[in-house]
Structures are given as C-alpha cells and as structure tokens.
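Visitor: Could you take me on a close look at the pocket in this one? I'd like to know what it is lined with.

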Amino acid sequence: MSDANRDHPDTVHAADHAYRLIREEILSGRRAAGEWLRESEMAESTRVSRTPVREAFRRLTAEGLVRYERHRGVQVQSWSERDLDEIFSLRSVLEPWGCRLAAIAGTADVTKLNEMACRMDELAPGGHPSDVDKLTELNNQFHQMILKSADNERLNNVTASVIQVPLVWRTFARYTPEALLRSLAHHHELVTALAAGDENWAESVMRSHIRAAWHSIRSTEKTTPPTESAS
C-alpha cells in the first residue's frame, strides 16, 4: 500500500491515530522495552504514512515512553532494575513522609479523595482497567492531592522530579487483576487513615502502596527483556 493511499484526509487525525495505537502497544507490553520501532513498519501497522508516525514518535518521546537515538532511530524506553530500584526507593521515602505530614496537618480533602478512589474502582472492575489513561490520571491526581496537603513545597518539587509518569502508565497497564485490586484498596485505606488523622497509619499504608507497585512493575519488566536489534 502506498503512502498516498494510507494517508488520512486529516494529517492531525492520522498522527493521533498512530500515536494511540503505538502507545497502546507499548503500554500493553506488545512492544517490549528496548525494542526499536521502524517508521516503515509502524506506518504499515497503523495504516498511515510516515509523516504521522514521525509526529507520533515525537509525542511518545516527550512523554518518555520512547527515546530517540541519532543514526539509530526510536527505541521503546527501558529501565534497568537498578533504575527502578532507585526511583521506587526514593518514592518509598518521600511519599510516605508526605502522607504523614498530610495526616498531621489534617487539611486533606478526604471527601474528594474518596470520590476519586471510588471512581478508580469503577474504571477497573474486578481488577481489569477499562481506561488506563483515565485511571493513571486519577491516580496521579490522588497522590498529588495528598502531597499538596502536606504543605511542603520542596517535598512536592522533589517528588515530582522522581515520579516517572511512563512507569505509572506501565504499572497500571500491566498489573495483574489481583495486584490492581490491592492497589485500589490501598487508596481507600489511605483515605480512612487521613480522615482519622493517624500519621503512623497513613505513612505505613503509603509505604506499602509504593513498595507493592515496585514489585509489580519489576516482575513485568523482567518478563519483557530488551531486544538488541537495530533500526
């Protein structure tokens, strides 16, 4: 099929189409960490021309889901076990502390947090997410709201620099149903602990929440070893 025949009438729509399909393949694990993505192959599989694929690659690079290497092309982003350990070790210190401060301050909007936790339940009935993007967005908002309640701007800035959104996407996209249900249950327990103003409880649950996420993503990363093929 020629590029002309594959082109969508609307170039922007074609780029959006390619972006969504390629992104879904990455998040689902069908495109393994370390795999090189060729423009021609992606154009054929998404049924658009190379121009929209290049735009999709730019967006995915900006999100951190792929990386561009000069003279080689675009590669699905991968993290070594050491990278993952560093990221989640920092999170397991910073976020529980932030949650502790939020419980002490007593300013967290527990009603709003509970609504968000319930909405996340609705988006993943039985541990099967129906909308990973929306689930990820709500999860990020949930965590950010707790940290903002800690009333510590430096903590917020440092934590934001540590949290890797692509890893959050990957975690939700590839959780087992049991792991996802456990994660969602943690959200409700966090709300209860914050409502009780129990800083020790809130800190403990957040630490368990982060460590559980770490073990879930580590196990999925190990099942998708990087490929060495070049573009």
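Guide: By class, the lining of the largest pocket has 11 nonpolar, 9 polar and 2 charged residues. Here Ala, Val, Leu, Ile, Met, Phe, Trp, Tyr, Cys and Pro count as nonpolar, Asp, Glu, Lys and Arg as charged, and the others, Gly among them, as polar. Bear in mind that this is a predicted model, where local features need pLDDT of at least 70 and side-chain atom pairs count only at pLDDT 80 or more, while totals for chains, interfaces and linings use all residues. Residues are numbered from 1 along each chain as its sequence is written, and side-chain values use heavy atoms, with hydrogens and water left out.

The volume of this largest pocket comes to about 330 Å³. A pocket, on a 1 Å grid over the protein atoms alone, is an open set of points where a 1.4 Å probe fits, with protein on both sides within 12 Å along at least five of seven lines; lining residues have an atom within 4 Å of a point. Points are joined across faces, edges and corners, and the volume is the space filled by probe spheres set on them. Of the 22 lining residues, R91, N139, N140, I163 and V168 are the closest to the centre.

The largest share, 6 residues, comes from α7. Helices here are DSSP runs (H or I, at least four residues), numbered from the N terminus along with strands (E, at least two).
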